[in-house]
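Subject: Structure handover

Hello,

My notes on what was found follow below.

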Amino acid sequence: MTIVEGSRVGIVGGSIAGCAAAIALARAGCDVTVYERSASELRDRGFGVAIPVPLREELVAAGYVDADMPVHSCVERICYVRDPTEPSGQREICHHSFQAALNNWGVLWRTLRERVPDRVYRDSSAVADIVDDTDGVTVVSDAGRERYDIVVGADGYRAMTRARVDPSTTPTFADYVLWRGTYPESLLDGGTPPELERGLVWIGLPRGHGVCYLIPDPAPGRRRVNWGVYGKVPWGDRFDAPTSLPPGGVGDDLFDELVRGMDDFPPYWAEVVRRTPRPAVSVQPVYDSTISSYVAGNVLVIGDAATITRPHTGAGATKALQDALALEHACRRSETWQQALAAYDQARRPVGNDLVALGRRLGRAQVERPPTWARMTPEVFREWMYAGTFTIAPYEP
Ligand SMILES: Cc1cc2nc3c(=O)[nH]c(=O)nc-3n(C[C@H](O)[C@H](O)[C@H](O)COP(=O)(O)OP(=O)(O)OC[C@H]3O[C@@H](n4cnc5c(N)ncnc54)[C@H](O)[C@@H]3O)c2cc1C
């Protein structure tokens with residue numbers, strides 16, 4: 001029996017981090033309640049999420065996800081630039097091993113959600129406030145006021161709980177956006193190219209870059225094309241909060257800007273993006289934020305509520321899942337909640353902040369100050385890639 005066993009824990013947010021935290025804490029013996037603002041059916045939207053193969057194996061072994069949860073296995077990454085002198089209109093500038101399990105966000109979320117009993121998962125339930133005193137935390141929601149020993153903030157990039165653990169932190173706009181789109185593989189013209197069977201395609205653009213890969217479709221045995229394009233927009237100052245424009249909510253100007261950028265794509269990949277039904281395109285303003293602590297009093301934060309990482313790292317869901325595993329581990333090994341919270345903070349704060357730093361380096365190197373990709377040879381690209389940009393280095397405030 002652990003000291004946390006029987007503790008009452010309220011979790012604000014029921015997305016990837018919230019469900020993973022509920023599984024982790026229930027496994028450690030806690031009595032959990034999840035508050036999720038939106039209705040569950042909204043969760044069918046979502047795009048691709050890359051998860052490192054060892055993390056997937058750890059999650060399967062620990063019982064967080066099923067071994068047969070569909071993924072598309074990525075084994076390599078191929079980098080192209082537009083080159084009108086080539087018959088295909090493109091030139092390969094790099095080709096290297098890249099192992100990842102490519103997931104459909106909605107499939108991953110549902111797999112986690114199925115492990116959280118309905119009686120403890122309250123959807124359409126927004127938390128308006130949390131009040132922490134030394135004896136516990138009161139959660140104020142549509143349902144009234146409820147008392148918990150501990151509260152987990154899993155309320156994502158606009159987290160109200162983040163300000164409770166670190167009032168000094170503010171998400172910062174990177175001054176560029178990420179367009180995303182997805183559609184059934186069957187819409188691809190001429191079948192699926194071998195690059196997508198093997199992994200991830202990366203495209204260098206004059207002011208950004210693009211990625212394209214396959215992900216499982218929620219319908220068994222089917223797959224979807226998933227792409228992302230990073231770039232600046234002339235009216236970036238319009239994005240004054242890290243709120244994404246969901247599929248169906250992207251205005252003409254942002255859509256037209258995406259279409260204009262297709263002139264810089266190799267023709268085949270421009271067509272892959274153009275084929276996307278317009279209501280399937282979303283836009284995410286790229287934000288990030290570090291944090292000075294993952295814990296304050298009886299409140300801890302997890303996933304995007306803790307640190308926001310730029311999507312280049314492909315680490316949003318990974319970090320949330322690793323946070324949850326670390327939380328379970330800390331609870332099982334500690335004799336008091338104070339010890340567990342301190343161990344969790346010590347394990348995850350540096351990782352969260354280092355990933356933010358990695359995202360900033362990747363953003364600078366690939367969007368803010370990219371090299372002239374078209375001039376790169378495979379040798380020069382490899383040198384550039386391993387010059388420190390793509391490795392995790394300690395965060396320096
Ligand atoms: C619908 C949806 C689709 C997504 N699709 C993708 C994707 O395709 N690819 C990708 O890389 N990332 C996607 N993300 C983001 C991704 O989930 C996160 O970057 C990462 O997995 C960490 O998840 P999170 O649970 O910390 O944050 P989030 O996924 O942002 O979840 C935060 C949750 O908290 C809830 N919430 C916020 N405030 C309150 C409140 N006051 N009371 C109650 N609930 C609250 C929100 O409704 C949300 O469900 C998506 C997020 C959502 C919500």
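Leu55, Glu58, Leu59 and Ala62 of α2 meet Thr318, Leu321, Gln322 and Leu325 of α8. By class, that contact has 5 nonpolar, 2 polar and 1 charged residues. The axes of α2 and α8 come within 11 Å and cross at roughly 40°. That angle makes α2 oblique to α8. The crossing is left-handed. Please bear in mind throughout that this is a predicted model.

α8 also packs against two other helices.

Take α1 and α8. Their axes lie 9 Å apart, at an angle of about 20°. Angles under 35 degrees count as roughly parallel, so α1 and α8 are roughly parallel to each other. α1 passes α8 in a right-handed crossing. On the α1 side, the contact is made by Ile16, Ala17, Ala20, Ala21, Ile23, Ala24, Leu25 and Arg27. On the α8 side, the residues are Ala317, Ala320, Leu321, Asp323, Ala324, Leu325, Leu327, Glu328 and Cys331.

Next, α8 and α9. Helix α8 covers residues 316-333 and helix α9 covers residues 337-368. Their axes come within 8 Å and cross at roughly 160°. Angles over 145 degrees count as roughly antiparallel, and α8 and α9 are therefore roughly antiparallel to each other. α8 passes α9 in a right-handed crossing. From α8, the contact takes Lys319, Asp323, Ala326, Leu327, Ala330, Cys331 and Arg333. From α9, it takes Ala340, Ala343, Tyr344, Ala347, Arg348, Gly352 and Leu355. These residues divide into 9 nonpolar, 1 polar and 4 charged.

Now the ligand. Which residues come nearest to it? They are Gly13, Ser15, Gly156, Gly303 and Gly316, out of 32 residues around the ligand. Two elements give two or more residues to this shell: α1 (16-27) and α8. By class, the shell has 17 nonpolar, 9 polar and 6 charged residues. So the pair to look at here is α1 and α8, roughly parallel to each other, with both contributing to the shell around the ligand.

Last, the domains. The chain is divided into two:

- Domain 1 is 8-65 + 106-171 + 289-360.
- Domain 2 is 72-104 + 173-287 + 370-389.

The centres of domain 1 and domain 2, taken over C-alpha atoms, are separated by 29 Å. How many residues are in contact between them? 20 residues of domain 1 touch 22 residues of domain 2. On the domain 1 side, β3 (48-51), α2 (53-62) and α3 (105-113) each give two or more residues. β3 has the largest share of that side, with 4 residues. The domain 1 side divides into 12 nonpolar, 4 polar and 4 charged residues.

Best wishes

Note on methods:
Residues are numbered from 1 along each chain as its sequence is written. This is a predicted model: local features need pLDDT of at least 70, side-chain atom pairs count only at pLDDT 80 or more; totals for chains, interfaces and linings use all residues. Axes are lines fitted to C-alpha atoms, for helices over the stretch in contact, and angles run from 0 to 180 degrees between N-to-C directions. Angles under 35 degrees count as roughly parallel, over 145 as roughly antiparallel, 65 to 115 as roughly perpendicular and the rest as oblique. A crossing is left-handed if the near helix is turned anticlockwise from the far one by less than a right angle, and right-handed if clockwise. Two residues are in contact if their C-beta atoms, placed from the backbone, lie within 7 Å. Ala, Val, Leu, Ile, Met, Phe, Trp, Tyr, Cys and Pro count as nonpolar, Asp, Glu, Lys and Arg as charged, and the others, Gly among them, as polar. Domain bounds come from an automatic or database domain assignment. A residue is near a molecule or strand if its C-beta atom, placed from the backbone, lies within 6 Å of it.
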